[in-house]
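Look through the sequence and the 3D view before reading on.

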Amino acid sequence: MKRNLCVGAIFLTLVVLLGVGNTVLEKRAAVEAATVMAPRFEVDPLWPKPLPNHWLMGQTIGVSVDGQEHIWIIHRAGSLEPGELHATTNPPTAQCCAPAPPVLEFDQEGSLIGHWGGKAEGYDWPDSNHGITVDYKGNVWIGGNGRGQPPGGARGGAGRGQPAGQRGELNENQTGGVQGYFNDAMILKFTQAGKFLMQIGKPGQSKGSNDTENLRLPAKTFIDKVANEVYVADGYGNHRVIVYDADTGKYKRHWGAYGHKPEDVDLGRYDPNAPPPQQFRNPVHCAELSNDRLLYVCDRVNDRVQVFKPDGTFVKEMFFQKQTLGSGSAWDIAFSRDAQQKYMYLTDGENDRVHIIERESLQLLTTFGEGGRQPGEFYGVHSIATDSKGNIYTTETYRGQRVQKFVYKGLAPVTKEDQGVVWPKK
């Protein structure tokens with residue numbers, strides 16, 4: 001009898017322990033399931049290698065990664081200060097320095113392996129370079145946001161005519177609208193060797209956001225491999241996305257915010273407490289198509305990303321750092337390199353951050369970066385791209401004037417909303 005009681009007690013104890021163990025395991029599994037994961041990065045402070053020939057980069061306003069994992073950037077030589085050009089005077093004032101050619105190509109190690117660009121016969125080089133995209137065929141596309149020199153008039157406030165160091169690429173960043181002459185009304189297509197292939201639009205010919213032949217200060221392009229179409233974030237003067245055939249330049253379609261017909265009404269200054277504006281403000285700064293064929297558009301000064309189907313049907317939107325004024329928070333987009341493109345990276349040049357976002361839900365997971373000039377910090381972080389290994393490349397406008405590499409370190413639990421500078425761990 002006593003033995004049976006003893007065995008029964010042991011059995012009950014084991015049952016209780018197993019129950020407690022299962023409860024603990026279930027709770028642990030629930031905690032692990034609830035843990036938010038996100039890509040983790042560390043800045044490579046030694047990338048890229050120094051440029052040759054005493055060359056310097058000006059405002060660096062585009063980055064793209066090609067099929068060979070080469071990194072392409074475009075910059076504005078005309079934004080360099082006089083003191084950065086002493087090697088170009090006659091006679092030379094000093095040994096340093098000179099502007100690098102506008103288009104620069106780097107290998108994975110950060111060595112400069114190619115360079116070209118600038119005015120030449122046969123095409124209209126932008127007055128103020130803006131954006132670079134290497135497409136799936138290896139062709140190189142660029143845009144521009146320079147007002148240029150109107151016939152018989154003074155140069156506008158963009159690009160080279162802008163005072164050095166002014167934090168704002170165009171005056172419309174604060175007002176939401178621009179008027180006047182628009183020199184850069186085109187995009188250009190080249191080979192990787194710099195041979196001219198095609199131009200869409202003519203300088204100074206834009207008639208506004210419903211002109212299908214010309215652009216108006218286009219910010220960036222994306223080339224769709226499936227349909228062989230080029231999407232243009234158009235941009236600093238217009239208020240739209242416009243699509244052309246990538247081989248012939250034939251017009252396909254265009255739209256504004258929410259898929260509306262775009263308008264050129266000056267919306268005034270951005271008010272974060274007002275109802276969402278029904279049109280894009282300037283600049284419409286990026287248009288990136290995901291693998292599942294959703295187009296993500298940066299409505300920069302409105303602090304939002306809008307999502308569309310390729311035909312312009314509106315899907316959804318999300319605001320990021322909605323109280324941001326000035327130049328806004330939604331600058332450029334790149335996707336993680338997994339097949340599902342689970343994560344989206346958004347540059348925020350006003351807050352000097354890169355936001356890591358879950359793409360499907362558009363929920364902000366974490367942020368890295370800080371304002372400053374040291375590696376891992378930003379001053380006007382502008383454009384962003386990823387390579388096949390998941391590494392991130394960023395460029396900086398204003399007086400940032402550089403490209404940086406952030407090395408992908410895998411997924412990790414999100415422990416803080418703002419990571420600050422992601423310096424390499426010892």
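Is Lys220 buried or exposed? The model is a predicted one. In it, Lys220 has a relative accessibility of 11%. The cut-off for buried is under 20%, so Lys220 counts as buried.

**Salt bridges**

Side chains of opposite charge can pair when their charged atoms come close. The structure holds 18 salt bridges. Three of them are set out here.

| Salt bridge | N to O distance |
|---|---|
| Glu288 and Lys220 | 2.9 Å |
| Arg293 and Asp224 | 2.7 Å |
| Asp292 and Arg359 | 3.0 Å |

Start with Lys220. Its side chain meets that of Glu288 in a salt bridge. Lys220 is in strand β12, and Glu288 is in strand β16. The two residues are 68 apart in the chain, and the pair links distant parts of it. What of the burial of Glu288? Its relative accessible area is 10%, so Glu288 is buried. Lys220, at 11%, is buried as well.

Now take Arg293 and Asp224. Their side chains also meet in a salt bridge. Arg293 lies in the loop between β16 and β17 (295-299), whereas Asp224 lies in strand β12. The residues are 69 apart in sequence, so the pair ties together separate parts of the chain. Asp224 is buried, with a relative accessible area of 3%. Arg293 has 26% relative accessibility, so Arg293 counts as partly exposed.

Asp292 sits in the loop between β16 and β17. Arg359 sits in the loop between β22 and β23 (363-368). The two are 67 residues apart, and again the pair links distant parts of the chain. Arg359 is buried, at 6% relative accessibility. Asp292 reaches 44%, so Asp292 counts as partly exposed.

Salt bridges can also join up. Glu81, Glu84 and Arg399 are linked in a network of them.

**A buried aspartate**

Where does Asp352 sit? Its place is the loop between β21 (343-348) and β22 (353-358). Asp352 has a relative accessibility of 8%, so Asp352 counts as buried. A polar atom of its side chain lies 2.8 Å from the backbone nitrogen of Gly380.

**Cavities**

Rolling a probe the size of a water molecule over the atoms shows where empty space is left. How many cavities of 30 Å³ or more does the structure hold? There are two. The largest cavity has a volume of about 60 Å³.

Its lining is made of 13 residues. Nearest the centre of this cavity lie Ile61, Gly131, Lys220, Asp332 and Ser383. Four strands each supply at least two lining residues: β3 (59-65), β8 (129-134), β12 (218-224) and β24 (381-386). By class, the lining has five nonpolar, six polar and two charged residues.

The largest pocket has a volume of about 860 Å³. Of the 34 residues that line it, Val65, Val134, Phe222, Ile223 and Arg337 are the closest to its centre. Several strands supply at least two residues each to this lining: β3, β8, β12, β16 (284-289), β20 (332-335) and β24. Which strand gives the most to the lining of the largest pocket? That is β12, with five residues. The lining has 15 nonpolar, nine polar and ten charged residues.

The second largest pocket has a volume of about 320 Å³. It is lined by 18 residues. Pro48, Met57, Gln401, Arg402 and Val403 lie nearest its centre. Two elements give two or more residues to this lining, namely β2 (55-56) and β26 (402-413). β26 gives the most, with four residues. Here the lining divides into eleven nonpolar, two polar and five charged residues.

**Drawing it together**

β12 supplies at least two residues to the lining of the largest cavity. And β12 gives the most to the lining of the largest pocket.

Definitions and conventions. Residues are numbered from 1 along each chain as its sequence is written. This is a predicted model: local features need pLDDT of at least 70, side-chain atom pairs count only at pLDDT 80 or more; totals for chains, interfaces and linings use all residues. Side-chain values use heavy atoms; hydrogens and water are left out. On a 1 Å grid over the protein atoms alone, a cavity is a set of points where a 1.4 Å probe fits but cannot get out, and a pocket is an open set with protein on both sides within 12 Å along at least five of seven lines; lining residues have an atom within 4 Å of a point. Grid points are joined across faces, edges and corners, and a volume is the space filled by probe spheres set on the points. Ala, Val, Leu, Ile, Met, Phe, Trp, Tyr, Cys and Pro count as nonpolar, Asp, Glu, Lys and Arg as charged, and the others, Gly among them, as polar. Buried means under 20% relative accessible area, exposed over 50%, partly exposed in between (1.4 Å probe, protein chains only). A polar contact is a pair of N or O atoms within 3.5 Å; within protein, one must be able to donate a hydrogen and the other to accept it, and residues adjacent in sequence count only if both atoms are side-chain atoms. A salt bridge is a side-chain nitrogen of Lys or Arg within 4 Å of a carboxyl oxygen of Asp or Glu.
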